[in-house]
Amino acid sequence: MTATQAGEAELLRGLLKTPAYRKTLVLCALIGIPVSLVCFWFLAGLDELQHLLWESLPHGLGWEAAPWWWPLPLLLVAGVVVGWVAARLPGAGGHVPADGLAMGGASTKVLPGVLVAATASLPLGAVLGPEAPLIALGGGLALLLRDLARGPGTPQASVLMGVAGAAAAISVIFGSPLIAAVLLIEVVGVGGPQLVAVMLPALLSSGLGALVFTGFGRWTGLKTGGLTVKIPGPVPRLDAADVGWGLLLAVAVAVVLRLAVGVGQGVAAFVTRQTVARTALCALGAGGCAAVYALATDRSPAEVASSGQALMSPMVGNPHAWGVGVLVAVLLCKTAAYALCLGSLRGGPIFPALFLGAAAGVLAAPLPGLGVVPAVAAGLAAAGASVLRLPVSSAVMALLLVDSLAMTPVVILATVAALVTAELLPVGRGRRRPEQSEGPQGPQEPQAPAGQRA
């Protein structure tokens with residue numbers, strides 16, 4: 001053991017002997033339970049509201065499915081509400097999805113705006129995922145519970161509590177504490193004793209939260225729209241064709257998604273003035289993309305106006321139900337709607353990107369020597385790396401989704417190829433966040449968006 005390693009070990013032992021840290025650790029272990037319960041009901045409520053708006057209401061009005069124009073009024077309402085929240089409430093409804101996945105700046109003051117903006121965006125058809133609102137909800141609730149329990153109020157304790165709450169929320173939506181841990185390792189960007197000090201509370205909170213969330217879901221029978229991809233049949237053995245096509249697919253996915261993020265950042269700058277009107281206009285444009293898709297394919301507009309998490313398993317499990325024309329149409333229309341929503345509405349950037357990566361994999365699967373499983377694995381890895389720019393998190397996420405360690409080589413290579421491509425493109429490099437400037441509520445605490453640090 002070197003002198004540096006010995007010093008770090010002694011520093012960690014000293015930290016674990018600190019009463020304030022041990023108290024924070026106990027609080028973080030307990031936080032995973034209530035945070036997971038709140039996140040469960042929040043996700044279940046969003047899922048029920050989406051089912052009501054996109055299925056029950058059209059059926060009640062006499063349609064077998066939502067008509068082609070259905071997304072237009074829903075997303076117009078979403079744009080007006082989110083624009084008002086962004087202009088009037090503290091925190092502007094949460095961070096802008098085009099800026100990446102933010103993990104810092106947890107605060108109880110921004111929770112009302114985050115919840116209203118997420119409820120107006122996600123069930124009404126925003127092409128965004130629930131992960132970003134859940135992270136804000138988990139971190140804010142953790143600090144609120146800390147205050148109620150009269151826990152340590154130091155800046156270090158606040159960071160640990162916020163991270164623990166966010167970890168519990170991440171494990172809820174991804175269904176795995178492992179993804180929460182890996183994401184935090186890359187986003188927090190620390191090492192040595194500091195990494196252990198941050199990860200211990202996060203692992204405790206996310207692990208207990210995952211247990212509570214899983215058991216509670218089985219007990220109630222309610223669905224929360226978790227992210228899963230079930231690929232039927234045996235897993236094929238990788239060969240040179242799988243790797244070669246996978247690399248080309250990863251580069252193509254990276255180019256498309258980085259362009260989408262760049263457009264999203266331009267949209268975010270566009271809506272900073274006349275926020276309500278311009279946000280509504282962009283949301284209406286996203287609804288128009290869904291309407292065009294429905295008219296062109298005679299399929300449900302919800303296949304575009306949604307995060308895509310519920311469609312991935314059916315699409316990958318039965319790719320023949322999605323013809324080439326339908327796949328091309330959904331890729332074009334959903335990418336355009338995704339870019340508009342990234343800069344105007346509120347939610348997370350991961351879920352739609354993963355859907356687009358999976359759809360690109362299904363489209364490319366018939367290429368000579370390629371198959372559905374390696375193509376989807378490469379598409380998922382490339383999509384995660386392109387949007388998050390966190391290589392380890394993206395690779396772990398893709399492997400857990402396809403549930404096959406045999407796909408590890410193609411996943412790693414696709415992740416690297418997509419990340420290099422994304423970094424070399426002169427788009428989507430980040431922008432000055434408006435939340436960090438003086439606004440109607442004064443200076444806002446800077447966030448730590450994943451994938452936007454040099």
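A cavity here is a set of points, on a 1 Å grid over the protein atoms alone, where a 1.4 Å probe fits but cannot get out. Grid points are joined across faces, edges and corners, and a volume is the space filled by probe spheres set on the points.

This is a predicted model, where local features need pLDDT of at least 70, side-chain atom pairs count only at pLDDT 80 or more, and totals for chains, interfaces and linings use all residues. Residues are numbered from 1 along each chain as its sequence is written, and side-chain values use heavy atoms, with hydrogens and water left out.

So what turns up inside? Searching the whole structure gives 1 cavity of 30 Å³ or more. The largest cavity has a volume of about 40 Å³. Its lining (residues with an atom within 4 Å of a point) comes to 10 residues, with Pro 97, Ala 98, Gly 100, Val 261 and Val 387 nearest the centre. Helices H9 (240-270) and H12 (324-344) are the elements giving two or more residues to that lining.

Now for some helix packing. H11 (residues 309-317) and H13 (residues 350-364) pack at an angle of about 15°, their axes 9 Å apart; axes are lines fitted to C-alpha atoms over the stretch in contact, and angles run from 0 to 180 degrees between N-to-C directions. That makes the pair roughly parallel, a label for angles under 35 degrees. On the H11 side, the contact (heavy atoms within 4.5 Å) uses Gln 309, Leu 311, Met 312, Met 315 and Val 316. H13 answers with Phe 351, Leu 354, Phe 355, Ala 358, Ala 359 and Val 362.

How values were computed
Helix = DSSP H or I, 4+ residues; strand = E, 2+ residues; numbered from the N terminus. Parallel < 35°, antiparallel > 145°, perpendicular 65-115°, else oblique. 1 Å grid on protein atoms, 1.4 Å probe; cavity = no way out; pocket = protein on both sides within 12 Å on 5 of 7 lines; lining within 4 Å.
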